[in-house]
Amino acid sequence: MSSPVPSPAPSVVLVGVHPGQLPAVVLEAAKLAAALDCPLVCAYANPARFPVQELDDGTVVAEALDPDYVDPRLLSGQAEVFPEELAGELAETLQLCRVPWRSVLLAGDPARALAHCAETVGASMVVVGTHGDARTPLRDILRLSVAAQLTRLASCPILVVPVHGDAAGKGRQ
(Lines give C-alpha, C1' and ligand atoms only; values in the text may rest on other atoms or scores of the structure.)
Protein backbone atom coordinates (compact mmCIF):
# COMPACT_ATOMS: atom_id res chain seq x y z
CA MET A 1 0.00 0.00 0.00
CA SER A 2 1.43 3.35 -0.97
CA SER A 3 1.17 6.34 1.29
CA PRO A 4 -0.20 9.62 -0.04
CA VAL A 5 2.36 12.04 -1.38
CA PRO A 6 2.46 15.10 0.87
CA SER A 7 1.64 18.31 -0.90
CA PRO A 8 4.62 20.63 -1.24
CA ALA A 9 4.83 23.64 1.02
CA PRO A 10 3.36 26.71 -0.64
CA SER A 11 6.00 28.57 -2.58
CA VAL A 12 6.48 32.32 -2.93
CA VAL A 13 7.81 34.68 -5.55
CA LEU A 14 10.47 36.98 -4.11
CA VAL A 15 11.00 40.37 -5.71
CA GLY A 16 13.90 42.68 -4.94
CA VAL A 17 12.66 46.25 -4.45
CA HIS A 18 14.24 49.63 -3.76
CA PRO A 19 13.00 53.23 -3.44
CA GLY A 20 12.28 54.86 -6.80
CA GLN A 21 12.16 51.53 -8.66
CA LEU A 22 9.91 51.49 -11.70
CA PRO A 23 6.64 49.61 -11.00
CA ALA A 24 7.20 47.25 -13.95
CA VAL A 25 9.42 44.98 -11.85
CA VAL A 26 6.89 44.53 -9.04
CA LEU A 27 4.00 44.20 -11.50
CA GLU A 28 5.78 41.40 -13.39
CA ALA A 29 6.51 39.64 -10.10
CA ALA A 30 2.85 40.01 -9.08
CA LYS A 31 1.68 38.55 -12.42
CA LEU A 32 4.02 35.61 -11.95
CA ALA A 33 2.85 35.05 -8.36
CA ALA A 34 -0.78 35.15 -9.50
CA ALA A 35 -0.07 32.67 -12.30
CA LEU A 36 1.67 30.35 -9.83
CA ASP A 37 -1.10 30.90 -7.24
CA CYS A 38 1.38 31.87 -4.56
CA PRO A 39 2.12 34.95 -2.45
CA LEU A 40 4.56 37.71 -3.31
CA VAL A 41 7.35 38.76 -0.96
CA CYS A 42 8.83 42.22 -1.62
CA ALA A 43 12.33 42.43 -0.14
CA TYR A 44 14.45 45.54 0.36
CA ALA A 45 18.10 45.09 1.32
CA ASN A 46 19.56 48.14 3.05
CA PRO A 47 23.24 48.14 1.95
CA ALA A 48 24.22 50.53 4.78
CA ARG A 49 23.44 47.90 7.42
CA PHE A 50 24.57 44.35 8.21
CA PRO A 51 22.42 41.54 9.60
CA VAL A 52 22.88 40.43 13.22
CA GLN A 53 19.78 38.26 13.62
CA GLU A 54 17.38 36.58 11.23
CA LEU A 55 13.68 36.17 11.99
CA ASP A 56 11.55 33.24 10.80
CA ASP A 57 9.84 35.30 8.08
CA GLY A 58 13.15 36.22 6.42
CA THR A 59 13.35 39.71 7.95
CA VAL A 60 16.61 40.60 9.65
CA VAL A 61 17.60 42.68 12.65
CA ALA A 62 20.55 44.79 11.54
CA GLU A 63 23.25 47.17 12.70
CA ALA A 64 24.72 50.17 10.86
CA LEU A 65 27.99 49.62 9.00
CA ASP A 66 29.19 52.94 10.44
CA PRO A 67 29.75 52.33 14.16
CA ASP A 68 29.48 56.07 14.84
CA TYR A 69 26.00 56.33 13.31
CA VAL A 70 23.19 56.11 15.81
CA ASP A 71 19.65 55.96 14.45
CA PRO A 72 17.49 58.08 16.79
CA ARG A 73 14.44 55.85 16.13
CA LEU A 74 16.29 52.84 17.47
CA LEU A 75 17.36 54.74 20.61
CA SER A 76 13.71 55.48 21.40
CA GLY A 77 12.97 51.75 21.40
CA GLN A 78 11.39 51.60 17.93
CA ALA A 79 12.34 48.65 15.77
CA GLU A 80 13.92 49.17 12.39
CA VAL A 81 11.11 49.32 9.86
CA PHE A 82 10.64 48.88 6.14
CA PRO A 83 11.09 52.33 4.48
CA GLU A 84 7.73 54.16 4.58
CA GLU A 85 8.10 55.70 1.11
CA LEU A 86 8.88 52.32 -0.43
CA ALA A 87 5.98 50.68 1.43
CA GLY A 88 3.68 53.36 -0.01
CA GLU A 89 5.00 52.81 -3.53
CA LEU A 90 4.42 49.06 -3.21
CA ALA A 91 0.90 49.50 -1.82
CA GLU A 92 0.01 51.84 -4.69
CA THR A 93 1.51 49.55 -7.33
CA LEU A 94 -0.09 46.38 -5.97
CA GLN A 95 -3.50 47.80 -5.00
CA LEU A 96 -5.27 46.32 -8.03
CA CYS A 97 -3.35 43.04 -8.05
CA ARG A 98 -5.14 40.07 -6.62
CA VAL A 99 -2.14 38.46 -5.02
CA PRO A 100 -1.31 38.35 -1.32
CA TRP A 101 1.92 40.16 -0.59
CA ARG A 102 4.12 41.30 2.24
CA SER A 103 7.37 43.17 2.62
CA VAL A 104 10.57 42.11 4.35
CA LEU A 105 13.52 44.22 5.40
CA LEU A 106 16.98 42.80 4.71
CA ALA A 107 20.47 44.19 5.25
CA GLY A 108 23.82 44.12 3.51
CA ASP A 109 24.78 43.30 -0.05
CA PRO A 110 21.49 43.08 -2.00
CA ALA A 111 22.43 39.99 -4.04
CA ARG A 112 23.60 38.02 -1.01
CA ALA A 113 20.64 39.18 1.09
CA LEU A 114 18.12 38.25 -1.63
CA ALA A 115 19.72 34.84 -2.23
CA HIS A 116 19.62 34.05 1.47
CA CYS A 117 16.06 35.34 1.83
CA ALA A 118 14.98 33.20 -1.14
CA GLU A 119 16.15 30.11 0.69
CA THR A 120 14.61 31.22 3.99
CA VAL A 121 11.14 31.88 2.54
CA GLY A 122 11.23 28.98 0.06
CA ALA A 123 11.03 31.17 -3.04
CA SER A 124 10.37 29.42 -6.32
CA MET A 125 11.87 32.40 -8.16
CA VAL A 126 13.55 35.76 -7.51
CA VAL A 127 12.53 38.73 -9.66
CA VAL A 128 14.79 41.77 -10.08
CA GLY A 129 15.02 44.64 -12.54
CA THR A 130 17.82 45.80 -14.82
CA HIS A 131 19.75 49.01 -14.38
CA GLY A 132 17.70 51.99 -15.50
CA ASP A 133 20.33 53.34 -17.91
CA ALA A 134 20.78 51.42 -21.16
CA ARG A 135 24.08 53.25 -21.75
CA THR A 136 25.83 51.61 -18.77
CA PRO A 137 28.95 49.82 -20.05
CA LEU A 138 28.68 46.02 -20.09
CA ARG A 139 31.63 45.59 -17.71
CA ASP A 140 29.84 47.76 -15.11
CA ILE A 141 26.57 45.91 -15.57
CA LEU A 142 28.26 42.55 -14.98
CA ARG A 143 30.27 43.88 -12.04
CA LEU A 144 27.48 45.82 -10.34
CA SER A 145 24.42 43.87 -11.38
CA VAL A 146 22.42 42.30 -8.57
CA ALA A 147 20.91 39.95 -11.18
CA ALA A 148 24.32 38.76 -12.38
CA GLN A 149 25.47 38.15 -8.81
CA LEU A 150 22.20 36.37 -7.97
CA THR A 151 22.72 33.88 -10.78
CA ARG A 152 25.82 32.67 -8.94
CA LEU A 153 24.38 32.83 -5.41
CA ALA A 154 20.73 31.75 -5.55
CA SER A 155 19.51 28.19 -5.75
CA CYS A 156 16.30 29.09 -7.59
CA PRO A 157 15.64 30.71 -11.00
CA ILE A 158 16.16 34.45 -11.45
CA LEU A 159 13.82 36.52 -13.63
CA VAL A 160 15.30 39.81 -14.81
CA VAL A 161 12.76 42.43 -15.88
CA PRO A 162 14.17 44.97 -18.35
CA VAL A 163 13.38 48.50 -17.22
CA HIS A 164 16.03 50.50 -19.10
CA GLY A 165 14.34 52.84 -21.52
CA ASP A 166 11.13 52.56 -19.45
CA ALA A 167 11.59 55.86 -17.66
CA ALA A 168 9.07 57.52 -19.97
CA GLY A 169 6.35 55.80 -17.99
CA LYS A 170 5.66 52.51 -19.74
CA GLY A 171 6.18 50.72 -16.41
CA ARG A 172 4.13 53.26 -14.44
CA GLN A 173 0.73 51.64 -14.92
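**Figure 1. Overview of the predicted protein.** Of the 173 residues of the protein, 38% count as buried, where buried means under 20% relative accessible area, exposed over 50% and partly exposed in between, with a 1.4 Å probe and protein chains only. The model is predicted: local features need pLDDT of at least 70, side-chain atom pairs count only at pLDDT 80 or more, and totals for chains, interfaces and linings use all residues. Residues are numbered from 1 along each chain as its sequence is written, and side-chain values use heavy atoms, with hydrogens and water left out. The protein contains six helices and seven strands, which are DSSP runs numbered from the N terminus (helices: H or I, at least four residues; strands: E, at least two). Along the sequence their pattern is β-α-β-β-β-α-α-β-α-β-α-α-β. Among contacts with a separation of 6 or more, 74% join residues 24 or more positions apart; contact means heavy atoms within 4.5 Å.

**Figure 2. Close-up of helices α1 and α3.** The axes of α1 (residues 23-36) and α3 (residues 84-94) come within 10 Å and cross at roughly 55°. Axes are lines fitted to C-alpha atoms, for helices over the stretch in contact, and angles run from 0 to 180 degrees between N-to-C directions. This angle makes α1 oblique to α3; angles under 35 degrees count as roughly parallel, over 145 as roughly antiparallel, 65 to 115 as roughly perpendicular and the rest as oblique. The crossing of α1 and α3 is right-handed, a term used if the near helix is turned clockwise from the far one by less than a right angle. P23, V26, L27 and A30 of α1 meet L90, T93 and L94 of α3. By class, these residues are six nonpolar, one polar and no charged. Ala, Val, Leu, Ile, Met, Phe, Trp, Tyr, Cys and Pro count as nonpolar, Asp, Glu, Lys and Arg as charged, and the others, Gly among them, as polar.

**Figure 3. Close-up of helices α4 and α6.** Helix α4 (residues 110-121) packs against helix α6 (residues 146-153) at about 45°, with axes 9 Å apart. The two helices are therefore oblique to each other, and their crossing is right-handed. The contact joins P110, A111, R112, L114 and A115 in α4 to V146, Q149, L150 and L153 in α6. Seven nonpolar, one polar and one charged residues make up this contact.

**Figure 4. Close-up of L159.** L159 lies in strand β7 (residues 158-161). Because its relative accessibility is 30%, L159 counts as partly exposed. Leaving aside residues up to four places away in sequence, L159 touches L32, M125, V126, V127 and V128. The C-alpha atoms of L159 and V128 are 6.4 Å apart, although 31 residues separate the two along the chain.
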